[in-house]
Amino acid sequence: MNRRRFVVGRVFASAVLLVAAASLAPQRAGAQQAQPVRSPAPLVAAASDLQFALDEIVARFERDTGIAPRVTYGSSGNFTRQIEQGAPFELFLSADEAYVDRLAERRLTRDRGTLYAVGRIVLFASHGSPLRPDAEMKHLAARLASGEAGRLAIANPEHAPYGRAAEQALRSLGLWNAVQPKLLLGESVAQAAQFASSGNADGGIFAYSLALAPALRDRGAFVLLPDSLHAPLRQRMVLLQGASPAAERLYDYLRSPAGRAILRQYGFVLPED
Amino acid sequence: MTAAGLAVRLRRAAPFALDVAFEAPAGSMTALFGPSGSGKTTVLRAIAGLQAMDEAQVSCGGEAWTDTAAGLTLPPHRRPVGFVFQDYALFPHLTVREQLALSMGHRPAAERAARIDALLELVRLQELGDRRPAGLSGGQQQRAALARALARDPQVLLLDEPFAAVDWALRESLRRELVRLQRALSLTVVLVTHDFEDVAKLASHLVVIERGAVTASGSVQALTGRNAVPGVGGWREPAIALDAVVDAHLHDRQLSVIAAGTLRLEVPAIAAPVGAPVRLQVAAREVILASQRPEGLSLHNVVEAEVVAVEPASHEALRLVHLSVGDIRLLSLVTVDAQRKLALAPGKPVLALIKAVAIEAFA
Amino acid sequence: MDWTALGLSLRLGLVTVVLLLPLSFLLARWLAFGRFRGRGLVEALVALPLILPPTVVGFYLLVAFGRGSPVGAAFESLFGQPLVFSFEGLVLASLLVNLPFAVQPMQNALAAIPPNVRDAARCCGLSPLQAVRRVELPLALPGIATAAVLTFAHTLGEFGVVLMVGGSIPGETRTISIAIYDRVQAFDEPAAGSMALVLLVTAVIALGITNTLARRAAGRTGP
């Protein structure tokens, strides 16, 4: 009895060690020494407002070319910091061109990139919420004044361009001070949309492109906020140093009529329009 | 196996001062005796190599184990010592057999099983070899710890207060067992104890350690005979401890005759065979002195002795009289009045009267 | 259901345990038996990951091992890829973050061994190495098992540090906990829910197995 348990224990331990050892060998599809090589499945960092738009573009792209890009969504500010620290992204779609400029200054990019879209923001209220969205946020103002207002979700203005735009819009309407104690800050604009639609908040201010998505569209009511309320959300994309040919093709696809059409579908204003 | 003697010299400044030097003769049972906290256990551990000293010289049978001057300190696992800890320190996860086997690394695997059986029989644990310590009683654990120490085929056996945690009845039987083992294996044993009964009944040699220093050392018989065991007199009455032998059995009278040197004493019959060694203890207060042979008493032992010295005793009205019977020393506690009455002075011949019942015999 | 992410998490957990356990055992032993001056300081340092918020730890690790740091630069010149934002970087972060979970149970188990038992091992003729193998390890086994479980489970659930140091790169550093978060962000609740369930079941199984092992090991010191 003890003998059997002993053998089983040894076998188990050896298996565990083998798996662990195998896992540790740096595996990178096509990894080589001394030269940062990007994989055939290009790594893309995209601002969260592109969550649904880019998913669709990438699906179309994959069908057309057979290349399967790997996309990570997050806040543009965080991505910028990570790229500066060596994150192996090949294509960066920022929600704010200032971040692209910063990377370009540090010579981490191929060039200064392309303006691929201008973003818009909406005021959103989920279906059960007492808040009624209007373009001048008058109802919100009234609720703030009466003290009835619940939480309002926006992306963190520190590192999310859409959060900054939301702040600018609220300041333009003189609501910033009043709304401060009610704010829910999302780590990215997608998280802000999440908070806003969850029913735990009155609503939120986030990207038009997200509000238009099927997942969100039916969860509440929203209104497009005038772009005069905030600085333009000039969204720039750029290829990073060491980007692969596959990444280049995606970059071109995004500027092609097919890509632009999808962007337009999701409420982005395109530069030539 | 021939026994080897131990020579020890230790010195340390901190955490408390220690400065001891003594020898444990080959094949002897030497007791390190003294009050708690005097440093006895530290000395024992230093002999085993478990404790570092500022200066140390420990050698066994002429082979040096520790010599700080020469920069030599053999690690414990390279010293042929067996150590029985106060709390036995048995390995909780191993059976008795496994514990013994673990101690037999120095023997080829093929021999071990037989040796384990022999040891278990020696300590009378044959039935319990497959038990773990949690399934053993205190006395059984002690015997297991003893067996484990012996499994190493040591030259020196070290015991730290081995009977402290055991009740009186068990203590007596364990003492006998230890003596039996020592004689059977002719080991040199060093025993740390604060119980003088262990000294009186077991040890042939004694080293008294008080506050980190040796205050007396020598054979138990000699030291007790001169009432020269420091620290003990305060709470223990003067008594002698003698190495004796069973001389004869008087079956019809249910008495045994014990011989020590030229001394012959009758005691109530004991179980040991003729020729078996016996330890005798006689308390000084049990020895009556007489100038002439008494008649009509229940007394069995009337011994011719000579007064060697008269000393003050614990009480100012008492005196401790040192007597010699050949090479043997006896002690008698009498009143000052009695001393005057009998005119006791060094050189005076006198009769020592010892009741048979008052003689403690340990065999 | 992102099987790659699950596989990644399991691999990360396994590698961390296999690498961390021997290292922590040595450290735990040193802390349990050593008598040296800076012991309190070392214990405090080991416990640090317990008190610091994961994102703070992640940030410091990013700075300490990013391409701007000596370690990061050395790694990159050796292997051609940065240490951070890679599986190896996650392993390194995981080793550091799990230190208290691995060291403390083992340290407690070792310290619980009566000092006389360890001395007895030496007096039974066992060399220091043999004493560790035959006496210390078996007696500390419940503590070692606990260390393994805690490390594995904690690694599976680790989020903040992994996100900071790993960057959520699909197939490489997107562990299952990050994948769940990612699906929640994408309003894909069904996918998030099923992955969370798988993670929960895996953790429960892992805990169950190791607790049984620990109990059996402890039972071996009974009669």
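1. Chain B of this predicted model has a secondary structure of eight helices and 21 strands, where helices (H or I, at least four residues) and strands (E, at least two) are DSSP runs numbered from the N terminus. The radius of gyration of chain B, taken over C-alpha atoms, is 23 Å, close to the 21 Å that the globule rule (2.2 Å times the number of residues to the power 0.38) gives for 363 residues, so chain B is as compact as a globular protein of that length. Along the principal axes, the C-alpha atoms of chain B fill a box of roughly 70 × 55 × 35 Å.

2. On conventions, residues are numbered from 1 along each chain as its sequence is written, while chains are lettered from A and ligands numbered from 1 in the order in which they are written. Because the model is predicted, local features need pLDDT of at least 70 and side-chain atom pairs count only at pLDDT 80 or more, whereas totals for chains, interfaces and linings use all residues.

3. One open sheet of chain B has five strands in the order β14-β13-β12-β15-β21, with antiparallel pairing; two strands are taken to pair if DSSP finds at least two bridges between them. At its edges stand β14 (263-268) and β21 (359-362) of chain B, each with a single partner strand, so one side of each is left without a neighbour in the sheet. The twist from one strand to the next averages 40°, with axes as lines fitted to C-alpha atoms (for helices over the stretch in contact) and angles running from 0 to 180 degrees between N-to-C directions. Within this sheet, β12 (residues 239-250) and β13 (residues 255-260) of chain B run antiparallel and are joined by five bridges, and B:Val246 has B:Ile258 in β13(B) as its bridge partner.

4. Four bridges join β16(B) to the antiparallel strand β20 (residues 349-354) of chain B, where B:Val287 stands opposite B:Ile354.

5. In chain A, the domain assignment (bounds from an automatic or database assignment) gives domain 1 (43-118 + 233-265) and domain 2 (119-229), and the C-alpha centres of these two domains lie 26 Å apart. Their contact takes 18 residues from domain 1 of chain A and 16 residues from domain 2 of chain A, two residues being in contact if their C-beta atoms, placed from the backbone, lie within 7 Å.

6. Between chains, two pairs touch, and the most contacts are between chains A and C. The contact of chain B with chain C takes 22 residues from chain B and 19 residues from chain C. No contact joins chain A and chain B, whose closest C-alpha atoms lie 13 Å apart.

7. As to confidence, the predictor gives the complex an ipTM of 0.82 and a pTM of 0.79. Chain C has a mean pLDDT (the predictor's confidence in each residue, from 0 to 100) of 89, and 97% of its residues reach 70 or more. Where pLDDT is low, the predicted coordinates should not be read in detail.
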